[in-house]
Amino acid sequence: MSPRGTGSDPYEEAVEGLCDHVKAAFDGPRSWHDRVWAGGLAAMRYLREDPARARLLVAEASRGDLDSMRRRDEAVQLLADLLDGARDEHEGPRPLSRCTAEIAAGAVFSTVLAKVASGSVERGEDFLPELVYMATMPYLGARAAEDELAVQPLR
Amino acid sequence: MASSRLPAGRHGLPREFIAQNQRERIITALVDTVAERGYNATTVANITKAASVSRRTFYEHFADKEACFLAAYEMVTEHIAAAMRAAAESFDDWPEKVRAALATMLSFLAGEPELARLCMIEPVAAGGEIGARHRASMQGLVEILKAGRPEHGGRRPLPEATEETLVGGIVSLIVREISADRAEQLEELLPDLIELTLAPYIGPEEAERLARQ
């Protein structure tokens, strides 16, 4: 599910561009784990290459009216779709639900917004391991996901 | 919230009681009006009309609409925080405390959809001082989770932003449900929220067990 804009709204274009970059990086024959990393790196690069566009995304996503929340939710749902693809690979004591992917996606999305808002997006790769840890933890398990924290992403 | 109007005419009530009653009536009117129109579309005139008070009376109690909203917001969030603290204090173990606190919060929000909107959605729309106060209020959840760091038995320290990230996920899902008019079903989220929130600290097996309790 990708938010589709009219082409005339800078915010719609920014969200659409972000979603397209993440999805393009995520798609491919690699493992789900590697695709999560690829999607995360693509998001960080997209946000960093145009700080004004990144700030626009944050401002609009934080506006709080119904339209803004709908569009924010569309982005979170796209991310949840990508994460939820690993549900079948999960070998935990009970099956995971869609809700798990939505919480993880919301956690990642809200953290990215907070980082952009605080001007930290320039160092996006520095906090990417934490985001990947949070995104993969429900699927890989908390202990296995800790390995993500030691990864040094390429810039 | 039911409004309680004073009887007209000479009622002989002490001035402090009248002032308190008027203040509560104005706050009640703000809650009702914001639920109907949203914060940004609500005016002081809407509030005074719903409260049946004059604009002069409104400004005797509040500097502006924002101050009135903050009074309502703090009344509600302090009530929720006190209930969460009381629920958590019934348990000795940190994971049980977290479970009790989250269950209490979801139960309140599910039982009071208008107040849920007031304290979870409108502050984001309002921004400014209200938005800042909301972020500070959410920090209370962060502190509850941080108290669980000694429980963590992993090979690496938890990332510094773990709690902020987890609270971001919790709030994101709650806001989504409220904005989709599904506040009444919020308690159904508890098992998934508990499992994901506790897993980094106590491991997936124990988190899953507590989630299914």
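**Chains A and B in contact**

Author: In this predicted model, 28 residues of chain B are in contact with 34 residues of chain A.

Reader: Which elements of chain B give two or more residues to the side that touches chain A?

Author: Those elements are α7 (122-126), α9, α10 (190-202) and α11 (204-211) of chain B, and the largest share, ten residues, comes from α9(B).

Reader: And how does that side of chain B divide by class?

Author: The side of chain B that touches chain A has 14 nonpolar residues, along with seven polar and seven charged ones.

Reader: Back to α9(B): at what angle do α8(B) and α9(B) pack?

Author: Helix α8 (residues 128-146) of chain B and helix α9 (residues 162-179) of chain B pack at about 125°, and their axes are 9 Å apart. The two helices are therefore oblique to each other, and their crossing is right-handed.

Reader: Which residues meet there?

Author: From α8(B) come Met138(B), Leu141(B), Val142(B), Leu145(B) and Lys146(B), which meet Glu163(B), Glu164(B), Leu166(B), Val167(B) and Val171(B) of α9(B). In the contact of α8(B) with α9(B), seven residues are nonpolar and three are charged, while no polar residue takes part.

Reader: Changing topic, is Cys119(B) buried or exposed?

Author: Cys119(B), which lies in helix α6 (residues 113-120) of chain B, counts as buried because 23 other C-beta atoms are within 10 Å, and the cut-off for being buried is 20 or more.

Reader: What is Cys119(B) in contact with, leaving aside its neighbours within four places in sequence?

Author: With those neighbours left aside, Cys119(B) is in contact with Tyr73(B), Val76(B) and Thr77(B).

Conventions: Residues are numbered from 1 along each chain as its sequence is written. Chains are lettered from A and ligands numbered from 1 in the order in which they are written. This is a predicted model: local features need pLDDT of at least 70, side-chain atom pairs count only at pLDDT 80 or more; totals for chains, interfaces and linings use all residues. Axes are lines fitted to C-alpha atoms, for helices over the stretch in contact, and angles run from 0 to 180 degrees between N-to-C directions. Helices (H or I, at least four residues) and strands (E, at least two) are DSSP runs, numbered from the N terminus. Angles under 35 degrees count as roughly parallel, over 145 as roughly antiparallel, 65 to 115 as roughly perpendicular and the rest as oblique. A crossing is left-handed if the near helix is turned anticlockwise from the far one by less than a right angle, and right-handed if clockwise. Two residues are in contact if their C-beta atoms, placed from the backbone, lie within 7 Å. Ala, Val, Leu, Ile, Met, Phe, Trp, Tyr, Cys and Pro count as nonpolar, Asp, Glu, Lys and Arg as charged, and the others, Gly among them, as polar. A residue is buried if 20 or more other C-beta atoms lie within 10 Å of its own, exposed if 12 or fewer, and partly exposed in between; C-beta atoms are placed from the backbone.
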